[in-house]
Amino acid sequence: DATWIQVLKELGRRAQTKSKAWLITGGRPKTPVTILEYCASDHKSFLIDKLADFQGVLHGDADPCYQKFHLHDMTMSYCNAHSRRHYKAIADSAKHKDGIATHMLREYKKLYDIEEWIRDLNPEKKQQIRQEKAKPILEAMHQYLTDNYDDVPPKSKLRQAMDYTLRYWPGLIQYLNDGRLHIDNNHTERQIRQFVMARNNFLFADTVAGVKALCLHFSLIQTAIQNALEPYEYYLHLFKHLPLCKAVEDYDRLLPWNVKLTKQAA
């Protein structure tokens with residue numbers, strides 16, 4: 001996922017120009033990682049560079065950047081929360097509460113109820129239950145949208161919502177095939193929201209070096225939290241041991257999953 005960031009002093013760009021900070025979260029189950037990196041403008045090349053060797057499923061929204069390139073052995077898993085939001089806005093403003101948008105919200109609630117039920121199960125069991133319980137609901141949703149598609153005015157917001165869901169349908173149902181996947185991209189959005197809340201206070205970065213340092217600190221803090229470390233205590237540990245590092249192995253021992261502190265996050 002990405003959010004905007006403004007850098008005042010950047011060669012060849014006006015101070016008012018907005019750039020993006022890209023957040024990538026992943027890693028192995030026991031060593032989760034979050035990385036935030038600055039990208040001024042060429043987001044397509046940035047993503048291709050970052051994902052060049054990636055194999056597997058990539059969670060994301062329907063950002064146009066994902067549509068402009070295709071990488072070998074990479075599959076997109078799109079965010080159902082984004083699809084649901086379109087129907088939520090329509091249902092909230094509709095005079096009649098028994099239309100297509102309301103129906104879609106009811107079906108999405110069934111899907112999210114299943115996700116809440118299986119939250120703490122292992123990936124294999126999650127996949128099994130999704131195939132048994134969620135897949136029939138999704139198949140019925142797709143049929144319902146297809147059957148009602150031609151009855152909705154082409155330029156209406158409801159038609160746009162239906163177009164969005166049908167266009168990205170293969171990616172929206174990708175989570176059925178792997179219990180490690182999520183129904184949406186909210187796990188990434190929750191992390192990027194922390195950056196947005198901080199940005200509401202600092203507003204902008206002065207230089208490119210500043211925004212890169214900002215991204216580095218955010219990456220360290222969020223990765224520490226993901227690995228059950230209290231960020232302040234982790235930083236004290238880093239400041240104490242970094243001056244003593246002489247080899248790659250010394251730095252490796254300072255990665256969050258290799259550090260044990262007395263104070264840990266709840």
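The structure is a predicted model, in which local features need pLDDT of at least 70, side-chain atom pairs count only at pLDDT 80 or more, and totals for chains, interfaces and linings use all residues. Residues are numbered from 1 along each chain as its sequence is written, and side-chain values use heavy atoms, with hydrogens and water left out.

The protein chain contains 11 helices and 6 strands. Both kinds of element are DSSP runs numbered from the N terminus, with helices being H or I runs of at least four residues and strands being E runs of at least two. Along the principal axes, the C-alpha atoms fill a box of roughly 70 × 50 × 40 Å. The chain has 266 residues, of which 42% count as buried; here buried means under 20% relative accessible area, exposed means over 50%, and partly exposed lies in between (1.4 Å probe, protein chains only). Among contacts (heavy atoms within 4.5 Å) with a separation of 6 or more, 57% are accounted for by residues 24 or more positions apart.

The accessible surface of the protein chain is about 15,800 Å², and 55% of this belongs to carbon and sulfur atoms. Such areas come from the Shrake-Rupley method with a 1.4 Å probe, and for residues only the protein chains shown count as cover. There are 38 positive and 32 negative side chains, and the centres of the two sets lie 4 Å apart. In this count Lys and Arg are positive and Asp and Glu negative, while His and the chain ends are not counted; each charge is placed at NZ of Lys, CZ of Arg, CG of Asp or CD of Glu.

Rolling a probe the size of a water molecule over the atoms shows where empty space is left. The largest pocket has a volume of about 1,700 Å³. A pocket is an open set of points on a 1 Å grid over the protein atoms alone, with protein on both sides within 12 Å along at least five of seven lines, and lining residues have an atom within 4 Å of a point. Grid points are joined across faces, edges and corners, and the volume is the space filled by probe spheres set on the points. The lining consists of 45 residues, of which His59, Arg180, Leu181, His182 and His187 lie nearest the centre of the pocket. Elements that each supply at least two lining residues include strand S2 (18–28), helix H1 (43–51), strand S4 (56–60) and helix H8 (186–202). S2 gives the most, with 7 residues.

Ile192 is buried, at 6% relative accessibility. Leaving aside neighbours within four places in sequence, Ile192 is in contact with Asp1, Ala2, Thr3, Ala21 and Leu23. The C-alpha atoms of Ile192 and Ala2 are separated by 7.7 Å, although the two residues are 190 residues apart along the chain. Asp1, in the segment before strand S1 (2–9), is also buried, at 13% relative accessibility. Beyond four places in sequence, the residues that Asp1 touches include Trp22, Asp61, Tyr66, Asn185, Thr188 and Ile192. Asp1 and Thr188 are 187 residues apart along the chain, and their C-alpha atoms are separated by 6.7 Å.

In helix H6 (residues 157–167), Leu158, Arg159, Ala161, Met162, Tyr164 and Thr165 are buried. The cover over these residues includes helix H3 (80–93), H4, H5 and helix H7 (169–172). Gln55, in the loop between H1 and S4, is exposed, with a relative accessible area of 59%. The C-alpha atoms of Gln55 and Leu158 are separated by 35 Å.

Cys245 is placed in the loop between H10 and helix H11 (248–252) and is buried, with a relative accessible area of 13%. Not counting residues up to four places away in sequence, Cys245 touches Asp250, Tyr251 and Leu254.

Most residues other than glycine have a negative phi. Leu203, which is not a glycine, has a positive phi of about 70°. Leu203 lies in the loop between H8 and strand S6 (205–207) and is partly exposed, at 46% relative accessibility. Ala228 has a positive phi of about 65°. The loop that holds Ala228 runs between helix H9 (208–226) and helix H10 (231–241), and Ala228 is partly exposed, with a relative accessible area of 34%.

Technical notes
On a 1 Å grid over the protein atoms alone, a cavity is a set of points where a 1.4 Å probe fits but cannot get out, and a pocket is an open set with protein on both sides within 12 Å along at least five of seven lines; lining residues have an atom within 4 Å of a point.
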